[in-house]
Amino acid sequence: MSGQLTVRPVTRQDYEQWLPLWDGYNAFYGRSGPTALAGEITQMTWSRFFDAYEPVHAFVAERDGNLLGLVHYLYHRSTTSIAPSCYLQDLFTTQAARGQGVGRALIEGVYERARQAGANRVYWLTHETNHTAMQLYDKIGEKSGFVVYREMF
């Protein structure tokens, strides 16, 4: 580690460094090779970060001009609150950056932005086998006790 870690909103100029992080995140969850996301999904995801009418946002963690991680989050309404909820959808750091506070800094960046937006909570999901990430999550969040069910179409 040399320079200071900065967490900031993604910019259009970040695409070349964001894309490998995005691909790494998707590969971690088995979306690579024949199961990779369609290119149109990646392009739409990227474009949403820069559309003022979209509730989807992105931060990156940068040190010495190199992106070390990403976090994507979105706001939505809830039937149990007037304030919006913030869903932290994607979080990924490079292998080399793990254990250096990058993931924590990205999550705390989302916490701060959610507070500024008037949200009353930030929540996220992870796979039950993601034990490394859960070591961090157990320190900075609270397990809700809910189990997720889904139907894919």
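Strand 3 and strand 4 form a hairpin with two residues between them. Strands here are DSSP runs (E, at least two residues), numbered from the N terminus. The model is predicted: local features need pLDDT of at least 70, side-chain atom pairs count only at pLDDT 80 or more, and totals for chains, interfaces and linings use all residues. Residues are numbered from 1 along each chain as its sequence is written, and side-chain values use heavy atoms, leaving out hydrogens and water.

**Strand pairing**
- Strand 3 pairs with strand 4 (residues 81-93) in the antiparallel sense, over nine bridges; pairing takes at least two DSSP bridges between two strands.
- Leu74 has Tyr87 in strand 4 as its bridge partner.
- Strand 2 (residues 56-63) and strand 3 (residues 66-78) are also antiparallel, over eight bridges.
- Two residues separate strand 2 and strand 3 in their hairpin, and Asp64 in the turn has a positive phi of about 55°.

**Tyr87 and Tyr123**
- Tyr87 and Tyr123 form a tilted aromatic pair, 5.0 Å centre to centre with 35° between the planes.
- Rings of Phe, Tyr and Trp (its six-membered ring) pair if their centres lie within 6.5 Å; planes under 30 degrees apart are stacked, over 60 edge-to-face, the rest tilted.
- Tyr87 lies in strand 4 and Tyr123 in strand 5 (residues 121-123), so the pair ties together parts 36 residues apart in sequence.
- Tyr87 is buried at 15% relative accessibility; Tyr123 is partly exposed at 25%.
- Buried means under 20% relative accessible area, exposed over 50%, partly exposed in between (1.4 Å probe, protein chains only).

Definitions and conventions:
Helices (H or I, at least four residues) and strands (E, at least two) are DSSP runs, numbered from the N terminus.
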